[in-house]
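Please read them with the structure open.

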Amino acid sequence: MIPQRQTRENAADPAPARDRDQINVSKKNEPIQSVKGTRDLLPAESPLWQRVEDEARKIFEAYNFREIRTPVLEQTALFARSVGSDTDIVTKEMYTFEDRDSGSLTLRPEATASVVRAYIEHSLYNEPGIQKLYYFGPMFRRERPQKGRYRQFYQIGAEVLGSDHPAIDAEVLEMLVLLLEHLGLKEFRLLVNSVGCSRCRPEYLKVLRKALDEVKTRLCEDCQRRATTNPLRVLDCKVEADQSIIEGLPKIIDHLCPECRQHFDSVTMDLQQRGVTFEIVPRLVRGLDYYTRTTFEITSGLLGAQNALLGGGRYDGLSEMLGGPPAPGFGFAIGQDRLVLTVEASATLVPAQPLAVYIAWMGEGARHEATLLASGLRRQGIGTEISYQPVKLKKALGAASRLQARYAIIIGEEEIASGNYQVKDMGTGEQQSVSAGEIAAFLTEKLREPLPAPQGGVAGEK
Ligand code: HAM
């Protein structure tokens, strides 16, 4: 073994004695539960999560996006500067702690800021053309947990950096709608708006502030505060009693500068030409401060209170805010937990993923051949499970059926002597003898056949 040099990364860095005393080991033997707002995704749920990820990857790559993976830990200043120091995310929801030697760190509440940081840090702007990047991963927000809202949740997102062309906005929205359609979703609404730019928004904010001065005492406590600190956020208020008052406030879309107006008109016209259905919602402002011009959300009625399936928009000044060169950007993040819930609720097809082969061997003499066969099949990508101890045939077939194996291969002393294994189709019960040398090719061919439909439904239908 190569001796490892002691570097700061690998040097033992024990917690100071005081910290160690403070670590609560709780009562010995008491089961330790997962943290509130986090959850385990168990194997039964994985096929749907994987299906959603596979489909997203396929579609993103068809639109020439490439994957980027950034750390879950970032410097706190990254989010304070980009998401905004007065947003709910930054003031109330971030998991922030003082690291021993790196200052204030935060578990990322979103990934757009991280992607733009990486774009600047690695000078991706020097590469030719625009950057089209996508990511999957966990995000962390200390919100009140409920169905569809977690403290660790997962996003599937994409960002386009390096152009403010309205065709990018339309193309990305077309890609999103295509993804949802491929996942079998039908009932969703694409809501779009424009929040203007650094030239027209301050003018609109003046008008909005003035209008708010007249009504703010009738608004909820949060909105009274927002009316001074971040008046745009008033438009996003969900308190029922405030709604009729907010409806009467001036709309940002009526106060866009000519460039923003033209940009928005080009986006909406392009969407129409692509056949993408959308609604203009002038109150759609979103909860992050970096947005400029186009903002959007897709909602689903199948989600209940937390109905935002995904959201995003344009952020043309973010790169400069983070110390980079001008690099207009546009992107989105899908709440993967919510997407999976929606796909489940709309009962679309989920491919069943039964095991391909179960190898049952009988008698110590068969162990070696059975083990080699399992290795060989696995090398060829055929999903294989094997008993670890010799078993009786009946028990072995019981195990194969519990694991939903499509085929069971039976290897006993007789099979070893003849060089032919018994292959049992677990669906039909048919059994046939196949020579050891041909078994992989035989199974590959058989496994290409679609699964027979179970009684009363389509194979794999949930
Ligand atoms: P966001 O609207 O904060 O935008 O989050 C995007 C999506 O993440 C939401 O629509 C929702 O589906 C999901 N989500 C947010 N919070 C939670 C939670 N606590 N539990 C479950 N799901 C949640 C962003 O994060 C921006 N970075 C999107 C973006 C990318 N804009 C431009 N590029």
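1. Helix axes are lines fitted to C-alpha atoms, for helices over the stretch in contact, and angles run from 0 to 180 degrees between N-to-C directions. Helices (H or I, at least four residues) and strands (E, at least two) are DSSP runs, numbered from the N terminus.

2. The model is predicted: local features need pLDDT of at least 70, side-chain atom pairs count only at pLDDT 80 or more, and totals for chains, interfaces and linings use all residues. Residues are numbered from 1 along each chain as its sequence is written, and side-chain values use heavy atoms, with hydrogens and water left out.

3. Two packed helices are described by the angle between their axes and the distance between the axes. For α2 (residues 46-62) and α6 (residues 166-182), the axes come within 10 Å and cross at roughly 140 degrees. The crossing of α2 and α6 is right-handed; a crossing has that hand if the near helix is turned clockwise from the far one by less than a right angle, and is left-handed if anticlockwise.

4. The contacts (heavy atoms within 4.5 Å) between these helices involve R51, E55, A56, I59 and F60 on the α2 side and M175, L178, L179 and H182 on the α6 side.

5. A salt bridge here is a side-chain nitrogen of Lys or Arg within 4 Å of a carboxyl oxygen of Asp or Glu. The count comes to 27 salt bridges.

6. One of them joins R225 and D222, with the closest N and O atoms 3.6 Å apart. Because these residues are 3 apart in helix α8 (residues 221-229), about one helical turn separates R225 from D222. R225 is partly exposed at 34% relative accessibility, where buried means under 20% relative accessible area, exposed over 50%, and partly exposed in between (1.4 Å probe, protein chains only). D222 is also partly exposed, at 34%.

7. In helix α10 (residues 258-273), D265 and R261 lie 4 residues apart, about one turn of the helix. Their salt bridge has its closest N and O atoms 3.1 Å apart. D265 is partly exposed at 32%, and R261 is partly exposed at 32%.

8. R274 forms a salt bridge with D270, the closest N and O atoms being 2.7 Å apart. Elsewhere, salt bridges with shared partners link R57, E67 and R69 into one network.
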